[in-house]
Amino acid sequence: MAQMNKYQKEKPIIGDDERSGSNNLNPVSIIDAKTTNKAVFNDYCNNMAITAKNPHHPKLSILLKHLKDCHNIGIDIGAGTGHVSDCIIKQDEKNNYISRIYAVDMEKCFIDSIKTLNNNKIITIQENACKDHIFSLLPKKVDFLIFNSVIHELISYGCNYNIEQFWLSIWPRWLSIINNNGYVFVRDFIGVNNSNNKPITISIKRKNKKNYQQIKEFLKNFKKDWKTPRKELNYKWNKKTSIIKFKNYDILLEVLLSFRWGHLNKLQYDGVIAEQFINFNTNSLQYYTEKHGFKLIDYQYYLGQDYSNTFNKYFGINKDIQSHLHSKGVFLFQKCT
Ligand SMILES: C[S@@+](CC[C@H](N)C(=O)[O-])C[C@H]1O[C@@H](n2cnc3c(N)ncnc32)[C@H](O)[C@@H]1O
């Protein structure tokens, strides 16, 4: 049984740690960036598939462990390349408990990519998961829902950064279609609260001139170009000392994660300035899920190897701060009422 001492179950204040903003923006989706360039798209798909195919990767191990029991119908929301669904079905080959998984994605290129898996238990649906219409295309009740690295995108692109709309209307609507004892699996970027409210500092490594130049370029543009309305990018970069001071962990993570993707090329940069990674923390996720009769049964935090490689290559981050950094949280809730 998962115990989350650090995180209390009181009602999180939306608009405090999760600032709500105007939703008049028409974001340039990172998906546009990924899909307008074939090479970037292929690279992105390969990356997704490599981790998704490894059953020991934290991305999947919790889910696969619990889905070993009889579970009949599931939905993979924001399925991407569909490798997660494919992997679950392959694990189930002997038992044959799973009859089908609906793979929902709003992008045609991903739907096409899923079809190439030729898995006849995967049914593809090209639709925006934030629109009510989608429920008319799905079974009334299912045994599991998978939100694998997609909630931050649903909030960014599906709800135009409107987090209230997500927690108060979209999330409960999805949870309502899960059968008793069914599961909801969430894997996403998770914010961290500053317990002491002290600013956080990291330094930029200067030894490698090329790397240093890349960070300088990124920091110079990022604050100026940042498009999402919900978060003030409150950080100060001291050019003399190369120290960057952040107001809280969420901003630090937002900048580091954006740098991880955004320093690679212009297309990905255009994507990250429109995508907000840290939209919620464990407290909100737990509160808005348990409220609907679910129990957290397993969870894990981890920092993906590719993220720690990038962070360590470019930045000096002390151990204390390092221990708070994770690229993802993985959570499994079960419906128990
Ligand atoms: C980061 S990828 C994760 C893909 C996959 N779940 C995985 O982990 O390998 C997010 C996916 O969600 C899809 N997506 C984003 N917003 C969506 C929305 N509002 N409705 C449906 N799909 C969406 C994107 O097209 C993309 O394929």
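Student: How many helices and strands does the protein chain have?

Tutor: The protein chain has 13 helices and 11 strands. Helices (H or I, at least four residues) and strands (E, at least two) are DSSP runs, numbered from the N terminus. Residues are numbered from 1 along each chain as its sequence is written. The model is predicted: local features need pLDDT of at least 70, side-chain atom pairs count only at pLDDT 80 or more, and totals for chains, interfaces and linings use all residues.

Student: What pLDDT does the protein chain average?

Tutor: The average is 83, and 81% of the residues score at least 70. The scale is the predictor's confidence in each residue, from 0 to 100. Two residues are in contact if their C-beta atoms, placed from the backbone, lie within 7 Å.

Student: Why does Ile75 count as buried?

Tutor: A residue is buried if 20 or more other C-beta atoms lie within 10 Å of its own, exposed if 12 or fewer, and partly exposed in between, with C-beta atoms placed from the backbone. Ile75 has 26 C-beta neighbours inside 10 Å, so Ile75 counts as buried. Its place is in strand E1 (residues 73–77). Buried residues make up 39% of the 337 residues in the protein chain.

Student: Which residues does Ile75 touch?

Tutor: Leaving out residues up to four places away in sequence, Ile75 touches Ile101, Tyr102, Val104, Leu138, Val142 and Leu145. Ile75 and Val104 are 29 residues apart along the chain, while their C-alpha atoms are separated by 7.3 Å. Across the protein chain, residues 24 or more positions apart account for 78% of the contacts with a separation of 6 or more.

Student: What makes the 7 strands a mixed open sheet, and in what order do they stand?

Tutor: The order is E3-E2-E1-E4-E5-E11-E9, and the pairing is mixed. E3 and strand E9 (294–302) stand at the edges with a single partner strand each, so one side of each has no neighbour in the sheet. On average, neighbouring strands of this sheet are turned by 15° against each other, direction ignored. Two strands pair if DSSP finds at least two bridges between them. Strand E4 (residues 142–148) and strand E5 (residues 178–188) run parallel and are joined by 6 bridges; in this pair, Phe144 has Tyr183 of E5 as its bridge partner. E5 and E11 run antiparallel, also with 6 bridges, and Arg187 has Val330 of E11 as its bridge partner. E9 and E11 pair in the antiparallel sense over 8 bridges, with Phe294 opposite Lys335 in E11.

Student: How do you know that strand E11 is mostly covered?

Tutor: In strand E11 (residues 328–335), 6 of its 8 residues are buried.

Student: Why is H6 described as largely enclosed?

Tutor: In H6, 8 of the 8 residues are buried, so H6 is largely enclosed by the rest of the structure. Among them are Ile151, His152 and Glu153. The cover over the buried residues of H6 includes E4, helix H7 (163–175) and E5. H6 is followed by Asn160, whose phi is positive, near 50°.

Student: Which residues around the ligand are the closest?

Tutor: The closest are Gly78, Gly80, Ala129, Asn148 and Gly158, out of 23 residues that surround the ligand. A residue is near a molecule or strand if its C-beta atom, placed from the backbone, lies within 6 Å of it. Helix H2 (38–52), strand E2 (100–105) and helix H6 (151–158) each supply at least two residues of this shell. The largest share, 4 residues, comes from H6.

Student: What classes of residue does the shell around the ligand have?

Tutor: The shell has 13 nonpolar, 7 polar and 3 charged residues. Ala, Val, Leu, Ile, Met, Phe, Trp, Tyr, Cys and Pro count as nonpolar, Asp, Glu, Lys and Arg as charged, and the others, Gly among them, as polar.

Notes. Axes fitted to C-alpha atoms, helices over the stretch in contact; angles between N-to-C directions.
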